[in-house]
Amino acid sequence: MPSLRALLRSAFLLLCALGLSFAGCRKSPPSHPNVILITVDTLRADRLGAYGHAGGLTPSVDALALDGVVFERGISQVPLTWPSHAAIFTGTYPFHNGVQDFTGQPLSPRFRTLAETFQSNGYSTAAVVSSFVLDRGWGLARGFDSYDDAFAGQEFLQKNISLVERPAGESVDHAIAWLDARSKSTQPFFLWLHLYDPHSPYNPPEPFRSQYAEKPYDGEIAYADSQLARLFSWLKQQPHDLYGGTVFVFLSDHGESLGEHGEREHGFFVYDSTVHVPLIVKPARSTPRAAQRVSDAVETIQVGPTVLDLAGLTDPIQKQFQAPSLLPFITGQPHAPQRAAYSETMYPANSFGWSALRGLQTSRYHYIDAPRQELYEHPSDPAEKTNLAEKDPAVASRMREQITQLLATYAAPAAPDGGNATGASPEVLEKLRSLGYVAYKAPAASGSKLADPKDKLSTYEDVLRATDLISAGNFPAARALLARLEHAEPNLYLIPFLLGEAASHNAQWKEAEKQFGRAAALNPGFDQARMGLARALGLQGKAAPARDLIGTLLAENSGNFRAWYLLAQIEAAQRDARASRAALDKVLTLQPNFAPAFRDRGLLSVAEATYVSASEDLSRAAELGLRDPAPLNSLGICYSRMNRLDDAAANYRRAIEADPSFAQAHLNLGFVYERLNQPALAKQEYASACRLDRRLCELIANRK
Ligand SMILES: [Zn+2]
């Protein structure tokens, strides 16, 4: 009699054979080609040689273009990194999949992704991403055997922007290492490589920094291309024509405005400068090919259907796709006319309470639906400077109607997700702010007439500037700018919020209380303002109202670990170590990698002279990336009390490395050297301690 396991297995294989797909339903290795999808973030199409740039920034991508098909008018569905990638990977419009900006929730598990598709069709799958904004927390890691996002949460605690982005050189190394490790495998692979370099800040490494000193954005592109050259040349050196047999898709998630239309970066508008992206498809050598260049406007959500066709796969995701494959363009087969390409941005609406923007383009026209609508004719006006909406009302109203139809046809599925309806977690918002995104959530817009983002551009830019000034520590300038802005925008909750932030940075807690209170009154659902208010109250010793406010926040979301952490700080300020410890325990249950909570709990233990548990917490905080000198010194003290003298010395040295003028750490290190019988080293440390803090000299002298 066959075993139950064998019966289950044959039933499972039957389901697989019927075309039903499960996570574990890997078909036997077929003769499907490998697929490499490359997205280079924030890359304007007009910077590539293949798109007419004369500067020679992208020789390796241009060479790929010669082997493939160039879609001259690739159009991104949304000019923001995470929503654009979510659209590409699901083949669905942002307004359908719900990932419309970064104040929303992660991708719903109801949407199948390209990675899941390749995985369940027998591919080995890997992603190498280069920015936090694509880390696994957002839901794109599903279906990847390996998801290389080296942006563990602890790095953000240091708020060091350079740690948040991984340079192309490292990401390409990781991609080649993954390819190399599986080079003996007969399984086909799907690799997604994401490079982030052209995203601001623009600081390319040498020699590109000097070479493009006047155009650092171009320098980042040239640098990224130079790293892709290594990937292409590695592939070309592999046996069995690995390069030729691989399907490549190269594109960008969005462009960069670089001051056009008054926008510095991307996300606020949907002009061509941010929605027109390069899109290059190189089929595997077996695919017949007719076209070299395609001038129709095409959508980046067509990438999914196209790679499935080029890989020869049939999969349930094809029912999910909302736009057709580009294969007929590539092979020159007859096809229905390409419909107009759609773009949107909800960013002005969701963060500021102004109107959303939606655009539609054909190879000739670009229409933008806004309170004051816009129409541009591309061949004669590529920079989109002359608005024809009033001159050509028939075209404008026809395109507006097409947008209405598109929104109705692909409306979001009715059932809301069980996810966090209030949007991204405070932790995510904090990280996004450290990346320079103004990740705030405006109150839901009412039915009244919404402002046109065009008319609010200077307000938007001033908010960004004020945020930059606060990050740079220039509070007087930030305050002056915000005061001016408030005159014009008395109801914009972000202004008192930023004034509260500036006051907090200056430890002006009374002022912070006032400003955060005003922001919370203007936008009651805005957690960050209420958190700021609770902190300001707590730090003035007003523990009772602070506790009440945190209680409200936790009643709404008991998983808000930052609120628990704030409670721990307020209890510590009240000298209630027990209550503080209980709140820290809660933080670490919710967020086991939150280094500051380990640090604070360790310091409570030091004060209670329980050195073993203190050392465990403090060393965990250090492992997670905290390099504050004071807790490292405390960790040294713990080890010293535990007679682990070498560990003690090592941590005092780390404290000194973090702050060479830390007199107490020099003194402690001297003590340990003395106990380790190293008088010369001890003497050296005592001398440093005495030089740095005269009060210690006497203590040292008395010791001898
Ligand atoms: Zn991006």
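Good morning. Strand β6 and strand β7 (residues 276–282) pair in the antiparallel sense over four bridges. Two strands count as paired if DSSP finds at least two bridges between them. Helices (H or I, at least four residues) and strands (E, at least two) are DSSP runs, numbered from the N terminus.

Before I continue, a word on the source. This is a predicted model, in which local features need pLDDT of at least 70, side-chain atom pairs count only at pLDDT 80 or more, and totals for chains, interfaces and linings use all residues. Residues are numbered from 1 along each chain as its sequence is written.

Let us stay with β6. In general, strands of a sheet pair through backbone hydrogen bonds, either parallel or antiparallel.

Is β6 mostly covered or uncovered? Strand β6 spans residues 246–251, and six of its six residues are buried. A residue is buried if 20 or more other C-beta atoms lie within 10 Å of its own, exposed if 12 or fewer, and partly exposed in between, with C-beta atoms placed from the backbone. Thr-246, Phe-248 and Phe-250 point one way from the strand, while Val-247, Val-249 and Leu-251 point the other way. In a regular strand the side chains alternate between the two faces of the sheet.

Eight strands form an open sheet with mixed pairing, in the order β4-β3-β5-β1-β6-β7-β2-β8. Its edge strands, β4 (146–148) and β8 (293–299), each pair on one side only. Helix α8 (residues 168–181) lies across β3 (124–128), β4 and β5 (189–195), running at about 170 degrees to β5. Axes here are lines fitted to C-alpha atoms, for helices over the stretch in contact, and angles run from 0 to 180 degrees between N-to-C directions.

A further open sheet has four strands in the order β9-β10-β11-β12, with antiparallel pairing. At its edges are β9 (341–345) and β12 (374–377), each pairing on one side only. Four bridges link strand β11 (residues 365–369) to β12, and His-366 has Tyr-376 of β12 as its bridge partner. Helix α16 (residues 393–409) packs on this sheet, touching β9, β10 (357–361), β11 and β12.

I turn to a helix pair. Helix α19 (residues 475–488) and helix α20 (residues 494–505) pack at an angle of about 160 degrees, with their axes 10 Å apart. That makes α19 roughly antiparallel to α20, since angles under 35 degrees count as roughly parallel, over 145 as roughly antiparallel, 65 to 115 as roughly perpendicular and the rest as oblique. The contact involves several residues, including Phe-475 and Leu-482 of α19 and Leu-498 and Ala-502 of α20. Two residues are in contact if their C-beta atoms, placed from the backbone, lie within 7 Å.

Finally, the whole protein. There are 32 helices and 12 strands, and buried residues make up 50% of the 704 residues. The average pLDDT, the predictor's confidence in each residue from 0 to 100, is 88, and 89% of the residues score at least 70. Over residues 1–30, however, pLDDT stays under 50. Residues 152–163 also have pLDDT below 50. Where pLDDT is low, the predicted coordinates should not be read in detail. Thank you.
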